[in-house]
Amino acid sequence: MEGTRGTWLLGLLKRAAPLDVFREPILAKLKNATPETVSYWDACQLMALACGYARQGSKLAYQIIYEKFGEQLYDPTVGGHQIVTLDGLGGFLHVAEVVGARLKREVDFRDDGYLLWLANDEFGEQRVAEALRERSPTSPNVAAFEYSVNQQRANSKRRGDSGKAPTLSDFLAAVEHDGDAPWVICRKFARHATAGELDEVFSRLLRETEASRLVSYLRVFSSAKLPTLDERMFALSRSDDDTIRDNAVTALAQVKAKAVRELGLRFLEEQDLALRKNGIQLLYENHKSKDIPRIAAALPKEGPPDVLHGMATTLMMITDRQPRDVELAKWVYEYNPCSYCRNGAFRRLVKRDALSKFQLAECAWDGYDETRTSARRIIKKRRGDG
């Protein structure tokens with residue numbers, strides 16, 4: 001996750017054997033992929049490999065990318081990114097056609113706007129807007145996509161999701177209208193709210209029973225400190241609802257208090273890896289140097305990628321507060337599934353001179369360009385010094 005390693009893998013395959021040897025099984029795997037048999041990030045990687053073959057002239061790879069994207073079994077980024085890469089603005093209009101049809105077909109489907117952002121970044125916002133406007137009159141699906149884009153912009157403007165921070169009234173109106181107010185709105189409000197306004201939101205939080213509104217109030221306190229530690233926050237940190245629990249933990253993690261540290265240490269003892277991840281998060285502000293071995297002992301060698309990734313994110317921040325510790329960074333280096341976090345661990349271990357000669361050589365072949373380039377530069381420098 002967080003980095004497909006597609007280009008890197010193609011380079012390795014090219015060294016191992018003629019690329020045609022691998023092309024057929026890779027494309028067959030992608031063609032038959034479903035969310036039940038191939039995870040989202042694996043599907044992303046298969047698409048990246050197929051895109052590499054398509055750019056080398058494989059008509060079959062090109063065809064399968066389009067066919068798989070047309071099935072819309074995954075998030076539109078799976079295949080949509082590759083189509084924009086391969087076919088430019090014309091490819092983006094095809095993406096808009098397919099996603100627009102899905103928006104019309106599936107009432108609960110929402111497009112997150114990533115592919116629009118990608119096109120705007122690549123071709124310019126004005127050019128993309130003009131292309132959509134020209135195609136919409138002859139394509140109901142593109143018109144549906146354009147309508148969705150315009151609605152998102154209008155909603156963002158209405159809820160204060162632009163320059164000016166939302167007032168308490170704006171924020172409460174967004175919660176009343178949407179239930180689950182966007183995280184960015186909650187953060188902007190929190191950063192500019194007065195103590196009295198935060199007290200009002202916290203009071204509502206303690207009384208709220210509807211899940212989506214409760215999440216909105218909790219999100220405010222991911223960027224603002226809780227006015228007080230109420231027992232309900234500790235109860236919410238053990239909620240059966242993952243979203244409520246994670247947001248309650250994020251709010252508690254902002255507070256430096258003995259009770260929060262004790263809860264974090266208890267979570268480290270849980271069998272549930274998601275709770276251990278939450279325990280690590282609670283200890284970011286509250287850990288003591290003597291807690292580091294307990295954190296290290298709670299770290300697994302395998303588990304759900306999103307849980308391991310969440311652990312890694314907090315472990316890097318704890319490592320920055322413990323200059324002499326390298327054990328947590330070593331775990332991130334070995335076991336987290338994210339190329340970017342691995343690079344963070346690599347940089348911290350280099351700074352502490354804690355990478356073995358073998359590990360440095362390993363990093364010279366890492367799947368992430370920045371890690372690979374940095375490692376090779378260090379090796380070359382050391383050889384020169386020698």
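Predicted model: local features only at pLDDT ≥ 70, side-chain atom pairs only at ≥ 80, totals over all residues.
Residues are numbered from 1 along each chain as its sequence is written, and side-chain values use heavy atoms, with hydrogens and water left out.

Back to Arg372, which sits in helix α22, residues 369-385. Helices here are DSSP runs (H or I, at least four residues), numbered from the N terminus. A polar atom of the Arg372 side chain also lies 2.7 Å from the backbone oxygen of Asp366. So is Arg372 buried or exposed? Buried, with a relative accessible area of 17%; the cut-offs are under 20% for buried, over 50% for exposed, and partly exposed in between, using a 1.4 Å probe and protein chains only. Setting aside neighbours within four places in sequence, Arg372 has contacts (heavy atoms within 4.5 Å) that include Trp8 and Trp365.

Most residues other than glycine have a negative phi. Gln72 isn't a glycine, yet its phi is positive, about 55 degrees. You'll find Gln72 in the loop between α4 and α5, and it's buried, at 6% relative accessible area. Asp353 also has a positive phi, near 55 degrees, and lies in the loop between α20 (339-351) and α21 (357-363). Asp353, though, is exposed, at 58%.

Now the inside. A nonpolar core is a set of buried Ala, Val, Leu, Ile, Met, Phe, Trp, Tyr and Cys residues joined through side-chain atoms within 4.5 Å. The largest one has 46 residues, and Phe92, Val128 and Leu132 touch the most other members. Which helix gives the largest share of this core? That's α5, with 11 residues. Leu132, leaving out neighbours within four places in sequence, is in contact with Phe92, Leu93, Ala96, Val142, Phe145 and Glu146. There's a second, separate core too, with 38 residues, Ala174 and Met233 among them.

Last stop: in α6, Leu116, Ala119, Asn120 and Phe123 meet Glu125, Arg127 and Val128 of α7. That's it from me!

Key: Helix = DSSP H or I, 4+ residues; strand = E, 2+ residues; numbered from the N terminus. Polar contact = N/O pair within 3.5 Å; in protein donor to acceptor, adjacent residues only side chain to side chain.
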